[in-house]
Structure formats: C-alpha cells, structure tokens
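This briefing covers a nonpolar core and the packing of a helix pair. Please view the sequence and the model together.

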Amino acid sequence: ITHTFFIHKTFGKKNDNRTRPPRVTAAANAGEVKRVDNRLYWIWMQQALGQGSPKAAPLLRELETPARVYEADDRFYRDIGLAKAERVALNDKSLETAEKILEQSLSGNGWIVTPDDAVYPEPLREIYELPLVLYGRGDLPELQDRPVLAMVGTRKSTLYGRETGRAIARSVAAAGMIVVGGGAVQIFCICAKMVLRDSSVE
C-alpha cells in the first residue's frame with residue numbers, strides 16, 4: 001500500500017472528525033439502507049488506480065464523487081478510455097480492503113484526509129494527479145496555513161547526504177514547518193525520523 005505522508009510532530013491532542021457525514025446508499029439485497037463512510041470510496045479508488053494515477057481526474061470530472069465512480073459499470077469505464085487492468089480493478093466492488101486500511105490508519109491517533117475535507121490542502125486540488133487520500137499520525141497539522149517543505153533524495157545516499165538531511169529536517173520542523181515526502185527509503189525516512197524523534201519539535 002502506498003501512501004502520501006505528512007510528518008508534523010504535535011502529538012497528544014484529540015483529532016476532530018472533519019469528514020462529511022457517511023453517505024447513505026440502498027443495499028442491493030433487501031431494500032435496506034446502509035451507511036457507508038465516504039472515506040471508504042476514496043480509499044477504494046486510490047487502491048484501484050494506484051497512488052497519483054492520472055486516471056482519477058477524468059473520472060472525477062465526469063462523475064464528481066468517488067461514490068459515483070464506485071457505482072459506475074464496466075461500460076462506462078471502457079467508454080472513458082480506461083485500460084483493461086484498470087477496469088478490472090474498478091469492477092471489484094469489495095470495500096473490505098478499504099475498511100481494513102481505514103481502521104489501521106485511524107488506530108494509534110492516526111488520521112486521513114480526502115478532497116471531501118475542508119482541511120485538504122488547496123494547492124493539491126490544483127495538480128493533475130492529486131492524492132486521493134492523505135495519511136498521517138498524531139495531531140492533524142494546519143495544512144492550509146503552515147509552510148510546507150518537501151524532502152526527497154536518493155535511495156543510495158552518502159553519509160554527507162544523510163547528515164545534511166537530518167540537519168535540514170530538524171531545523172525546518174523546529175521552525176514550525178511541515179515536512180512532507182513520499183515515504184521512500186533513505187533520505188526521506190531519515191528526515192521523517194528526525195522530525196518525529198526530536199523532542200524540541202512540539
């Protein structure tokens with residue numbers, strides 16, 4: 001499972017539930033009404049298409065919500081130009097994996113943010129391959145108001161690169177900035193560990 005990470009050490013506060021109320025859908029079997037957390041559709045779509053897929057944008061332009069993407073059929077997926085592998089993934093309507101990811105992500109003071117949320121960073125709404133789900137742990141940072149620094153680097157780093165990454169990460173986090181990255185090994189992991197372990201970062 002691939003995630004986009006926001007690293008900001010402000011533990012201890014209780015997170016507000018800032019996601020819209022669960023979507024109400026009719027159950028297919030006996031006319032029952034079933035409440036489905038909208039976040040499950042975002043997670044399902046992200047898992048089906050992959051992190052940062054360019055196919056998410058045209059689907060959302062046509063259908064507006066991930067719930068409607070979920071409810072669409074193979075004919076629609078084919079007509080919009082999706083490849084066979086993408087259609088197969090989207091035609092799997094099980095939300096079991098999404099439910100497990102949601103449960104795991106919210107455990108241990110974790111949180112997720114989707115484009116449904118007011119706190120979803122506005123700059124990300126403007127990019128073509130927007131992340132459908134952001135995952136984090138600890139207190140949800142003020143993503144709209146705090147400066148953000150993306151830290152990336154080679155997976156085969158030198159000693160100098162690792163020491164420089166640690167120093168930069170510690171300095172920018174101590175200054176109140178949010179450190180972001182894609183979760184790759186080496187440089188970003190080193191930077192993330194420095195942010196999370198530094199007791200001077202609140």
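At what angle do the axes of H1 and H2 cross? They cross at roughly 140° and come within 11 Å, with axes being lines fitted to C-alpha atoms, for helices over the stretch in contact, and angles running from 0 to 180 degrees between N-to-C directions. The model is predicted: local features need pLDDT of at least 70, side-chain atom pairs count only at pLDDT 80 or more, and totals for chains, interfaces and linings use all residues. Residues are numbered from 1 along each chain as its sequence is written, and side-chain values use heavy atoms, with hydrogens and water left out.

**H1 and H2**
- Helices are DSSP runs (H or I, at least four residues), numbered from the N terminus; H1 spans 38-49 and H2 spans 56-63.
- In H1, Trp42, Met45 and Leu49 meet Ala56, Leu59 and Leu60 of H2 (contact means heavy atoms within 4.5 Å).

**Sides of H2**
- Ala56, Ala57, Leu59, Leu60 and Leu63 are the buried residues of H2 (under 20% relative accessible area, 1.4 Å probe, protein chains only).
- These buried residues pack against H1, H3, H4 (74-79) and H5 (84-91).
- The face turned away from the buried side carries Arg61 and Glu62, which are exposed (over 50%).
- Just after H2, Glu64 takes a positive phi of about 75°.

**Core**
- The largest nonpolar core has 39 residues, of which Trp44 and Met45 touch the most other members; such a core is a set of buried Ala, Val, Leu, Ile, Met, Phe, Trp, Tyr and Cys residues joined through side-chain atoms within 4.5 Å.
- H1 gives the most to this core, with 8 residues.

How values were computed: Helix = DSSP H or I, 4+ residues; strand = E, 2+ residues; numbered from the N terminus.
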